[in-house]
Amino acid sequence: MARRRVSIPTGDKRKNIAVYILVIAILSAFALMRGRAVTQQQKSAENAEFQVHVIDVGQGDSILVVADGHAMLIDAAESKASGTILSYLEGQGITSLDVAAATHLHADHIGGFPAVLEKFPPKKCIESDCPEGLLPTSKVYEQYLDAVEASGAEYTVMQAGDTFQLGGATVEALAPVSQDAKDLNDTSLVLRVTYQDVVCLFTGDMERGEEQELLAQGNDLHADFLKVGHHGSDTSSGEDFLAAVQPRYAAISCGIDNSYGHPAQVTLDHLSACAEQVFVTAQDGNILFLYDADTGTSQIVTRKTASK
Ligand SMILES: [Zn+2]
């Protein structure tokens, strides 16, 4: 049996068409405005000669550093975040990585590397000098090792004091400075990246023990931008360490309502006392530090991903 049609009077039909056209016009205007806003944001990020992107990967770390178009990915979060990282890199127009850096061998830092290294085979993979007794026996670590080997990248264990160039940026390993770590977190590769007159410090999951060793070295630790150690835990970011770094901006990478209670309130308080601004991926989404070499100015931009 044919469905019964409800006949609409001609006047109502005209009114419906007018409403329909109005709705389409409004939606189109919104789409256009949104497209413009996205284009402008992307343009400002693309124009910055030096960029740091703390990618919102949930609980874990993954940070993209771009200097004069040369890209380094510091950590790749857990394997479940690899889709987020791949989309982010593609969204930034990254076609290849110069460097993939593993700060240390915990799953929330190396888990996503197999997917990332397959899609973006880097020229070089770097990693911290981990004491043999602390090397993990986990499947995640095995998969990471296999992925590094399959990528064909040059593989380098960084020693404190080692440096390399990323475009116009100088990347220097500051730590670990000894083989005395009792825990994998304190084997974290601490990288200082200097571009013109800005300095950024990336500390992996370094805790107080490694901080103390680093302070004892007497290095100038001042940084404009600090990727805060160990997701803002209270076992990191001692007041003496923060006093030495004196960051202008501090960024914490952690997941919403994570089971570890990251970031700790005491750490947020210490950071707020020394930094101009403190950002947390769980609240702010992706955190971008952008340096415009022409004007010598830096800025922070935060962007929530579409799903949040
Ligand atoms: Zn971690």
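## Strand β8 and its partners

Strands β8 and β9, the latter spanning residues 190-195, pair in the antiparallel sense through five bridges. Within this pairing, V171 stands opposite V193 of β9, and A173 stands opposite L191 of β9. The model described here is a predicted one.

Strand β8 covers residues 169-175 and is mostly covered, five of its seven residues being buried. Strand β8 also pairs with β7 (residues 163-166), again in the antiparallel sense, over four bridges. In that pairing Q165 stands opposite T170 of β8. The hairpin of β7 and β8 has two residues between the strands, and G167 takes a positive phi near 55° there.

## The seven-stranded sheet

Strands β7, β8 and β9 belong to an open sheet of seven strands, ordered β7-β8-β9-β10-β11-β12-β13, with mixed pairing. The edge positions are held by β7 and β13 (277-280); each has a single partner strand, so one side of each is left without a neighbour in the sheet. From one strand to the next, the twist averages 20°.

Helix α8, formed by residues 265-274, packs on this sheet. The helix touches β11 (225-227), β12 (249-252) and β13, and its direction makes about 145° with that of β13.

Strand β5 (residues 124-128) is mostly covered, with five of its five residues buried. In a regular strand, side chains alternate between the two faces of the sheet. Both faces of β5 are covered: K124, I126 and S128 are buried on one side, and C125 and E127 are buried on the other.

Strand β5 has parallel pairings with β4 and with β6. Strand β4 (residues 99-102) runs parallel to β5 and is joined to it by four bridges, and V99 has K124 in β5 as its bridge partner. Strand β6 (residues 154-158) pairs with β5 in the parallel sense over five bridges, and the partner of C125 in β6 is Y155. Between β5 and β6 the chain passes through helix α5 (residues 139-151), and this β-α-β crossover is right-handed.

## Aromatic pairs

The structure holds seven aromatic pairs. One of them is formed by F202 and F225, whose ring centres are 6.3 Å apart and whose planes lie at 50°, so the pair is classed as tilted.

## V301 in strand β15

V301 is placed in strand β15, which consists of residues 297-303. Its relative accessible area is 16%, and V301 is buried because this value falls under the 20% cut-off.

Leaving aside residues up to four places away in sequence, V301 touches N286, I287, L288 and L290. Of these contacts, L288 lies 13 residues from V301 in sequence, and the C-alpha atoms of V301 and L288 are 5.0 Å apart in space.

## The chain as a whole

The chain contains nine helices and 15 strands. Buried residues make up 49% of its 308 residues. The accessible surface of the chain comes to about 15,000 Å², and carbon and sulfur atoms account for 51% of that surface.

Among the contacts in the chain with a separation of 6 or more, 66% are between residues 24 or more positions apart.

Notes
Residues numbered from 1 in each chain as written. Predicted model: local features only at pLDDT ≥ 70, side-chain atom pairs only at ≥ 80, totals over all residues. Heavy atoms only, no water. Buried < 20%, exposed > 50% of the residue type's maximum accessible area, 1.4 Å probe, protein only. Contact = heavy atoms within 4.5 Å. Areas by Shrake-Rupley, 256 points an atom, 1.4 Å probe, with all protein chains shown as cover. Pairing = 2+ DSSP bridges. Right-handed = clockwise from strand over helix to strand, strands pointing away. Axes fitted to C-alpha atoms, helices over the stretch in contact; angles between N-to-C directions. Phe/Tyr/Trp six-rings, centres within 6.5 Å; stacked < 30°, edge-to-face > 60°.
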